[in-house]
Amino acid sequence: MFKVNDNYQKLPGSYLFSTIAKKVSAFQAANPEKTLIRLGIGDVTQPLAPAIIDAMHNAVTEMGNAETFHGYAPDLGYEFLRTAIADNDYKARGCDISADEIFVSDGAKSDSGNIQEIFSVDNRIAVCDPVYPVYVDSNVMAGRTGTYDPKTEMWSNVIYMPCTKENNFVPEFPKENPDIIYLCLPNNPTGTTITKDQLQEWVNYANKIGAVIIYDGAYEAYISEDNVAHSIYECEGARTCAIELKSFSKNAGFTGVRLGYAVVPKDLKCGDVSLHQMWARRHGTKFNGAPYIVQRAGEAVYSEAGKAQLKEQVAYYMKNAAAIKGGLQDAGFEVFGGVNAPYIWLKTPDQMTSWEFFDYLLEKANVVGTPGSGFGPSGEGYFRLTAFGTYENTLAALERIKAL
Ligand SMILES: Cc1ncc(COP(=O)(O)O)c(C=O)c1O
């Protein structure tokens with residue numbers, strides 16, 4: 001008789017956004033006349049920029065001709081895209097990262113879930129609390145997290161680094177040494193981040209204790225403050241302790257197109273073992289490359305026209321963020337984030353739990369947000385709204401919330 005991976009049985013409930021989707025469809029079925037405004041899941045609403053559409057059209061035409069047809073892509077990514085990434089995201093910022101240290105993928109969710117595979121099951125992970133749930137859940141599936149306590153909503157073998165208003169959402173070095181440190185900055189869900197000097201301290205710490213940092217920079221394009229690093233490789237010493245994950249979803253609207261990349265520097269080693277070589281081996285075995293059309297679309301993100309158009313798109317969402325933040329503050333809410341990220345993190349009013357506020361907002365304002373507790377125990381009592389809606393819907397949602 002076959003046996004299943006028991007670790008899956010340990011996962012509590014379903015994935016956060018599936019639970020929300022179920023609640024929302026039940027509400028909609030019971031109230032078909034109500035129009036919902038969705039500021040929950042971090043999905044974009046603006047169409048792909050013209051420069052990207054042009055590049056995709058051209059690539060589609062190429063695929064229709066025998067001379068320019070492309071079959072399997074190189075599993076580490078096409079040279080044209082890896083070079084564009086190295087030049088624009090790294091060299092232009094003074095970071096010493098070369099094209100052959102970049103692994104093109106179908107998005108940061110896959111990379112952030114898969115990267116744990118190259119580490120021993122004995123490693124102890126540390127995560128910011130609250131944070132994007134994929135880091136912990138993928139380690140649960142791998143059997144690295146120990147046992148789950150439903151009361152505290154914590155895993156016995158995970159080091160939680162609370163990020164709350166009390167510490168200004170800045171994670172503190174844990175008392176026990178972790179082996180793998182997940183940092184998602186700017187952070188999903190709190191929309192907050194740390195300064196470059198603070199990030200440098202994390203790099204120093206990781207190098208000192210022999211830990212690796214998995215740095216998820218999915219929201220990098222939204223950084224507006226000068227003292228915030230756009231890449232962990234802006235910090236000295238990061239090449240020996242950090243893997244960086246990036247996505248094209250939030251800066252270029254690729255949530256439905258699918259493209260991302262991981263940087264694994266050649267200097268990142270465990271004794272004599274190169275993590276770069278391990279990830280190349282893993283990628284080569286389990287991934288058959290992002291589609292040619294999509295990689296050409298990704299290249300267009302770095303064209304002059306693409307850059308200008310995407311700057312406008314990011315500004316559009318950040319205008320929403322400013323409207324939500326200001327509007328909620330005027331309405332008496334305690335609000336965080338929204339300056340270097342498209343997320344607004346608010347304290348629930350009247351001591352409501354995150355899920356109580358979710359239900360309240362859904363039923364009374366017909367607005368869908370995300371309960372903070374879904375991102376970790378320290379998210380309890382908080383709530384996330386995204387700035388990824390349309391401007392009109394954002395303002396309409398605000399009016400509804402203010403009228404409560
Ligand atoms: C922190 C973080 N990393 C990764 C992802 C997933 O990115 P992708 O669409 O590239 O898979 C998300 C999506 O919401 C995210 O918030």
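Colleague: What percentage of the 404 residues in the protein is made up of buried residues, and what makes a residue buried or exposed?

Modeller: This is a predicted model, in which local features need pLDDT of at least 70 and side-chain atom pairs count only at pLDDT 80 or more, while totals for chains, interfaces and linings use all residues. Residues are numbered from 1 along each chain as its sequence is written. A residue is buried if 20 or more other C-beta atoms, placed from the backbone, lie within 10 Å of its own, exposed if 12 or fewer do, and partly exposed in between; buried residues make up 44% of the 404.

Colleague: Why does the radius of gyration agree with a compact globule?

Modeller: The rule for a globule is 2.2 Å times the number of residues to the power 0.38, with the radius taken over C-alpha atoms. For 404 residues a compact globule would have a radius near 22 Å, and the protein has 21 Å, so the two agree.

Colleague: Which residues come nearest to the ligand?

Modeller: A residue is near a molecule if its C-beta atom, placed from the backbone, lies within 6 Å of it. Of the 14 residues around the ligand, Gly107, Ala108, Lys109, Ser247 and Ser249 come nearest.

Colleague: Which helix gives the most to the shell around the ligand?

Modeller: A helix here is a DSSP run of H or I with at least four residues, and a strand is a run of E with at least two, each numbered from the N terminus. Helix H5, residues 108-114, gives the most, with 3 residues, and the protein has 13 helices and 17 strands.
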